[in-house]
Amino acid sequence: MPDRHRLDTRVSLIGAPTDIGASARGASMGPEALRVAHLDAALRARGIEVRDIGNLHGPGNPQLPAVDGYRHLEEVVAWNRTVHGAVYAELRAGRIPILLGGDHSLSIGSISDVARLCREEGRKLRIVWFDAHTDINTRDLTPSGNLHGMPVACLCGNGPQELIEIGGSVPAIEASWIRQVGIRSVDDGERRLVRDMGIEVIDMRGIDEMGMRRCMELVLDGLEAGTHLHVSFDVDFLDPEAAPGVATAVRGGPTYREAQLCMEMIADTQCLRSVDIMELNPALDVRNQTAAIAVELIESLFGKSTLIRSR
């Protein structure tokens, strides 16, 4: 069995080309946009062994209205089961899976995998969720029924049975394991859920008041050696002036440099073990600009920095 308690430099790229959980079409093209932006070559240039396993396959987007509060539930479940199998296989092989989305509902499958592995190995889990939205809607609160607005709720056990049990344990994660950064668009009902569940959220006011460095120190506080650190990065975390290629853009987000600082500080922990890159929508991008920025941020997650710094 590979030693997963050291920093592993073997990475697997897993494409999940679907926008099944969203309203707007286009995130299904995200994996290919990241490949066009030379993600594999950028990682290999850092001395990382990269295996691109290609794209997963699942049902198409029927673009139907919500039923009982959920849009495309059957199709979202199918995609997440497929993601679960693929990500878990790479984790068990001692590799770092990078899930190339695709919409953010797919993180239900990937994070359920990570939590399952951590339970099996008796390891702690920390999830850093970079996003403009808290993604903690439920069918009683959602204005749209889109499941890409519900993955955190589902992972914490509040969602349809078919999704919350994918990882074999309900809930898949504890709310105390997740830290959300960059939040600036939260529905009224979600605000109450965030408070009641005790999820640690650093919104844009917090970033403005404390600065990104202090915010990330809080996010990473108490992170012990051997902890499995999972990064779930929704590209709309960034301000749309820097990253226009998203369907749910919200003004007033972090800058490119602030995002780079986040990634570099995570790399310094040497705890990174799995990554989601979600909601990249090339149909709304400008000359693949957003994909290129995403690749640069992934490089920083894996240790690229201007200078050689002592840890």
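**Rings and cysteines in a predicted model**

Mentor: Let us begin with Phe130, whose relative accessibility is 0%.

Trainee: Why is Phe130 called buried?

Mentor: Buried means under 20% relative accessible area, whereas exposed means over 50% and partly exposed lies in between (1.4 Å probe, protein chains only). At 0%, Phe130 therefore counts as buried.

Trainee: What makes Phe130 and Phe237 an edge-to-face pair?

Mentor: Rings of Phe, Tyr and Trp (its six-membered ring) pair if their centres lie within 6.5 Å; planes under 30 degrees apart are stacked, over 60 edge-to-face, and the rest tilted. Here the centres are 5.0 Å apart and the planes make 65 degrees, which gives an edge-to-face pair. Phe130 lies in strand 4 and Phe237 in the loop between strand 7 and helix 10 (256-269), so this pair ties together parts that are 107 residues apart in sequence. Helices (H or I, at least four residues) and strands (E, at least two) are DSSP runs numbered from the N terminus.

Trainee: On what basis do these values rest?

Mentor: This is a predicted model, in which local features need pLDDT of at least 70 and side-chain atom pairs count only at pLDDT 80 or more, while totals for chains, interfaces and linings use all residues. Residues are numbered from 1 along each chain as its sequence is written, and side-chain values use heavy atoms, with hydrogens and water left out.

Trainee: How many aromatic pairs are there under the ring rule?

Mentor: The count comes to three. One of them is Phe130 with Phe233, at 5.9 Å centre to centre and 55 degrees between the planes, hence tilted. Phe233 belongs to strand 7 (residues 228-234) and Phe130 to strand 4 (residues 125-130), so the pair joins parts 103 residues apart in sequence. Phe233 is also buried, at 3% relative accessibility. Phe130, Phe233 and Phe237 form one aromatic cluster.

Trainee: How do you know that Cys118 is in no disulfide?

Mentor: A disulfide is a pair of cysteine sulfur atoms within 2.5 Å, and the count here comes to zero. For Cys118, the nearest cysteine sulfur, that of Cys271, is 11 Å away. Cys118 is buried at 5% relative accessibility. Cys262 is likewise in no disulfide, as the nearest cysteine sulfur, that of Cys215, lies 8.4 Å away.
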